[in-house]
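Hi everyone, thanks for coming.

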Amino acid sequence: GVVRVRGKGRKERFGAVGKFAAKALKDYFPVRQRSKSAEDSKEKATFVNKFGNRLTTRSVARMLEKYIQE
C-alpha cells in the first residue's frame with residue numbers, strides 16, 4: 001500500500017507500506033479514535049502521546065531506546 005504523509009511546511013510525501021504495517025494501522029485507527037486524548041485533542045496527527053499532542057521526534061527516539069534496552 002501507499003500512505004500520504006504531511007511533513008514540515010505541509011509538504012506531502014508518499015511512502016510505501018507493507019501488509020503488516022497496513023494491518024497495524026487499520027487496527028490502530030479505531031483505538032485512536034476512542035482514546036480520551038484523541039477526543040480532546042485538536043491535533044490531526046495520526047500518532048499522539050497520552051496528552052493528545054503529536055509525537056515529537058525525540059519522544060519516538062526515547063521509545064525506541066527503551067525497547068532496544070528491553
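Let's start at Arg-10. Exposed or buried, which one is Arg-10? Its relative accessibility is 64%, and exposed means over 50%, so Arg-10 counts as exposed. Before I go on, please keep in mind that this is a predicted model. Where does Arg-10 sit? You'll find Arg-10 in the loop between S1 and strand S2, which covers 12–16. There's a backbone detail here too: Arg-10 isn't a glycine, yet its phi is positive, at about 60 degrees.

Okay, let's zoom out to the whole chain. How many helices and strands does the chain have? We've got 3 helices and 2 strands. If you read from the N terminus, the order of the elements is β-β-α-α-α.

Now the burial. The chain has 70 residues, and 13% of them count as buried.

Next stop, the aromatic rings. How many aromatic pairs does the count come to? The count comes to 2 aromatic pairs. Let's look at Tyr-28 and Phe-29. The centres of their rings are 6.1 Å apart and the planes sit at 50 degrees, so we call this pair tilted. If you're wondering why I gave you two numbers there, a pair of aromatic rings is described by the distance of the centres and the angle of the planes.

Which residues form the aromatic cluster? Tyr-28, Phe-29 and Phe-47 form one cluster. Let's go through how open they are. Tyr-28 has 23% relative accessibility and counts as partly exposed. Phe-29 is partly exposed as well, with a relative accessible area of 35%. For Phe-47 the relative accessibility is 43%, and that again counts as partly exposed.

Let's stay with Phe-47 for a moment. Phe-47 is in the loop between helix H2, at 36–40, and helix H3, at 57–69. Along the chain, Phe-47 and Tyr-28 are 19 residues apart, and their C-alpha atoms are separated by 9.5 Å. What does Phe-47 touch, if we don't count residues up to four places away in sequence? The answer is Leu-25, Tyr-28, Asn-53, Arg-54 and Leu-55.

With a relative accessible area of 27%, Leu-55 is partly exposed. Leave aside the neighbours within four places in sequence, and Leu-55 is in contact with Phe-47, Val-48, Asn-49, Val-60 and Met-63. Another pair to find on your screen is Leu-55 and Ala-45: they're 10 residues apart along the chain, and 8.2 Å separates their C-alpha atoms.

Over to helix H1 now, where Ala-22 lies. Ala-22 has a relative accessible area of 28%, and that makes it partly exposed. Ala-22 and Val-2 are 20 residues apart along the chain, with 8.9 Å between their C-alpha atoms.

Last stop, the largest pocket. How much space lies in it? About 770 Å³. The lining has 14 residues, and Arg-4, Val-5, Arg-6, Lys-44 and Thr-46 lie nearest the centre of the pocket. Two elements each give two or more residues to that lining: strand S1, at 2–6, and helix H1, at 19–34. Which one gives the largest share? That's S1, with 4 residues. And if you sort the lining by class, you get 7 nonpolar, 2 polar and 5 charged residues.

That's the tour. Thanks, happy to take questions!

Terms used:
Residues numbered from 1 in each chain as written. Predicted model: local features only at pLDDT ≥ 70, side-chain atom pairs only at ≥ 80, totals over all residues. Heavy atoms only, no water. 1 Å grid on protein atoms, 1.4 Å probe; cavity = no way out; pocket = protein on both sides within 12 Å on 5 of 7 lines; lining within 4 Å. Points joined across faces, edges and corners; volume = space filled by probe spheres on them. Nonpolar A, V, L, I, M, F, W, Y, C, P; charged D, E, K, R; others polar. Buried < 20%, exposed > 50% of the residue type's maximum accessible area, 1.4 Å probe, protein only. Phe/Tyr/Trp six-rings, centres within 6.5 Å; stacked < 30°, edge-to-face > 60°. Contact = heavy atoms within 4.5 Å.
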